[in-house]
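Have the model open as you read.

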Amino acid sequence: MRLEIQCEDRIGMVREALDLFIPHQIDMRLVEVDTKRRCIYCGFSDIPFAKLQRLLADIRRLDSVEDVKTVMFTPSEREHNALYTLLEALPDGVISVDLKGHITMATELAAEDLQVPIAQLLHKPLQHFIKGMYFSKETWANPKEGTSKRIRIRNKTLLLEMKPIFVSDDDGMANPAGTVIYVKSKARLDRQADSLKQAPDAENRLETYFLPVVTKSEAMRRTLQQAKAFADVPQPLLVQGEMGTGKRDLINALFQYWHKGQADSEAQLVICPARDMTRDHLPTLEKSSGWFVIEDVEYLSDEVQIVLGNWLARQPSESTSFGARMRVVCLSSLTPVQLADGTRIQKSLYFSLATLMLSVPSLRERKDDLEGLVQHIVAALSERYRQPVPTISKSAFVKLALYAWPGNLKELQNTCLQTFLTVKDREWQADDICLPECHDLINRTLIADSLEVTVKQWEADLLKQLYPRFPSTRRLAKAVGMSHSAIANKLKEYGIST
């Protein structure tokens, strides 16, 4: 339990307040004074409500007390937890030691690097957990400006970056108070460097927002080419694509690319779901500049459709991309035919919004991008969960390529996450990947009462599905891990034209 006593800042105030806890036989666990807020904070174990009421009444009767109430935490407790939360969010571990070299604080990642539970680390000398390296008492008692040490623990290379802690006294003199140690591992540094190399750069070139390995397909290259052509014109844009195809990611990339060349630095990207949109949102179109994105445009209410249609009708037919106005961009998972039939959106509004149309391809149309997408997703998961990047077998990629992916990129991300969390410290195999349709290739009846005939038929069907994705004997042979001549013979045997 915590109490906040608001009072005047005078000599003896704290003593008078604390004396009241003695008759109630309350064991104090925490006392904190905040002179800026003019508050005294007291912490103790929970007490019965009746006793609490009597205590609060006694405190209010004290001279100079303005108010007293219970609170969940004190300012220092909040600051401590905020700092610890921040440290836990860092990509590397952090350890703090006092002037004797004893550990006073450690994050989970630092404890993992030292391969010791946090509870066993606290208040113990750091020297106990790093064998083979000597830290003198002078290292902690009189820390230098900053030093680095390279260590190795159980075949794991770590870099310790040590920076001293100084606390100023009343005269402004900085006194050493301990050392903060930043624990970096070679594996994490390598992953961070790879992530930096792959970081999107849509401000300079739209194509570089997406990694080359995920834009190999003709469908995705065509979409990016059209997107770049549509970026610098102010006319309304309708972005259409199946659920989960990444329409919002494309808009984010396109806006960054467009914004780089604008004279208006205040232009902003505003995204509003159509279900939540009211006529009160529409004044934004008049007062601001940038892009106004309406998600799931087919769910606009009739009232909003009328007001939006009137606004579009008032806009000049010719303008430049540097005009201080909002560009309307709409997203939809429906096909153009479904949007244009007049049942969901008024036809006149649809044709105004679809001045420019951009279609985002489904994952079925991006089979050439699948391997790169998987590797990109897995690399991001490894960085997020601070685990090594797993390798993926050819059989696993083949299984992924044969699936229809009705949920597109979102379903692929979900599948990768599930596999990433369940398969540890080994290569992903086809059987590790759970897909709704994986039984289609297994549940076969015996053909002509012959296992050999059945296997050949299954192999023929599989090669027929794979060949369009790898349209040459050399590419197909490399994909399935067989020799060029062996694949050529099988294609000839099964009548698959090359």
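**Hairpins and their sheet**

β8 and β9 make a hairpin with five residues between the two strands, and in its turn G172 has a positive phi of about 85 degrees. Strands here are DSSP runs of E, at least two residues long, numbered from the N terminus; two of them pair if DSSP finds at least two bridges between them. This is a predicted model, where local features need pLDDT of at least 70, side-chain atom pairs count only at pLDDT 80 or more, and totals for chains, interfaces and linings use all residues. Residues are numbered from 1 along each chain as its sequence is written, and side-chain values use heavy atoms, with hydrogens and water left out.

**β8 with β9**
- Strand β9 covers residues 174–185 and runs antiparallel to β8, joined to it by eleven bridges.
- Across this pair, V167 faces N175 in β9 as its opposite residue.

**β7 with β8**
- β7 (residues 147–153) and β8 (residues 156–168) are antiparallel partners, with seven bridges.
- S148 stands opposite E161 in β8, and I151 stands opposite L158 in β8.
- Two residues separate the strands of this hairpin, where R154 adopts a positive phi near 50 degrees.

- Five strands form an open sheet in the order β6-β5-β9-β8-β7, paired in the antiparallel sense.
- β6 (103–106) and β7 each have a single partner strand because they stand at the edges, so one side of each lacks a neighbour in the sheet.
- From one strand to the next, the twist averages 25 degrees, with axes taken as lines fitted to C-alpha atoms and angles running from 0 to 180 degrees between N-to-C directions.

How values were computed
Helix = DSSP H or I, 4+ residues; strand = E, 2+ residues; numbered from the N terminus.
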